[in-house]
Amino acid sequence: MSIIATIKKSKRGCDITEKLTQALMEELNCETAFTIPIFGGIGIGESVAVTWIIMAVLVLVSILVTRNLKVENPGKGQLLLETAVTGLQNMVSGMTGEEGKRYVPYLMTVLLYIGMANIFGLFGFKPPTKDLTVTVALAVMSIILIEYAGIHAKGTKGWVKSFAQPVAIMTPFNILELVIRPLSLCMRLFGNVLGAFVIMELIKQVVPAVVPVVFSLYFDIFDGLIQAYVFVFLTSLFIKEAVEVND
């Protein structure tokens, strides 16, 4: 009996692994959402289409909440909005430091985008952050901004000299960071989002009733927002380091 039970458990384990692998491959497959009929047809990927939807939602919400702003005697809604925006701005500017305040609007935009992208799974959409090309693009944009911040604060000559700090022997390692930083930003965001998907699929296979709903709320909302914060926090930290002028 024990041998039969072991075989059944092994078979069930193989079935779960096979289903998980299939689900993972489907999730990683970048499907074309629609095709624009020009120049022989331009395919628009699902992650791009969802990004456009997120952009439209953010723009629409921004227009709706700012259309009746008042300088004098603001309403409770405006006060709540101002408190939320000021709090978010202070949080991000606190991470970049005084010298990096000029980059806060970009970082706030990235925070909102990644946060929205991660929770869009609740509405039946595939989060764009599950697409490696999206996380690569975000990482590259952040690194370009970081290096620009360093050049703007130190000048081109000072920026080049910074690669030899604190000692000249560190130059190859400092140059290597130009590759390591975007790679770490990209893989951390992509890996955490994909890891949450794998865990959810395992939970669905083992306990397919009510439990997955609770964990889905955690991974799609709480963990998704945490990943957005971590991405912006690390970018802010790198910007703060880049704009520091050493005497």
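Analyst: What follows is a walk through the salt bridges, and then through the confidence of the model.

This is a predicted model, in which local features need pLDDT of at least 70 and side-chain atom pairs count only at pLDDT 80 or more, while totals for chains, interfaces and linings use all residues. Residues are numbered from 1 along each chain as its sequence is written, and side-chain values use heavy atoms, with hydrogens and water left out.

A salt bridge here is a side-chain nitrogen of Lys or Arg within 4 Å of a carboxyl oxygen of Asp or Glu, and the count by this rule comes to 3. Two of the descriptions below also need the terms for accessibility: buried is under 20% relative accessible area, exposed is over 50%, and partly exposed lies in between, using a 1.4 Å probe and protein chains only.

One of the salt bridges pairs Glu98 with Lys101, whose closest N and O atoms are 3.4 Å apart. Glu98 is exposed, at a relative accessible area of 57%, and Lys101 is partly exposed, at 42%.

Another joins the side chains of Glu177 and Arg181, at 3.6 Å from N to O. Both residues belong to helix H6 (residues 171–206), where they sit 4 residues apart, about one turn of the helix; helices (H or I, at least four residues) and strands (E, at least two) are DSSP runs, numbered from the N terminus. Glu177 is partly exposed, with a relative accessible area of 33%, whereas Arg181 is buried, at 14%.

Arg181 also forms a salt bridge with Glu241, and here the closest N and O atoms are 2.8 Å apart. This pair links distant parts of the chain, since Arg181 lies in helix H6 and Glu241 in helix H7 (residues 211–243), 60 residues apart. Through shared partners, the salt bridges join Glu177, Arg181 and Glu241 into one network, in which Glu241 is partly exposed, with a relative accessible area of 37%.

As for confidence, pLDDT is the predictor's confidence in each residue, from 0 to 100; its mean over the chain is 77, and 73% of the residues reach 70 or more. Where pLDDT is low, the predicted coordinates should not be read in detail.
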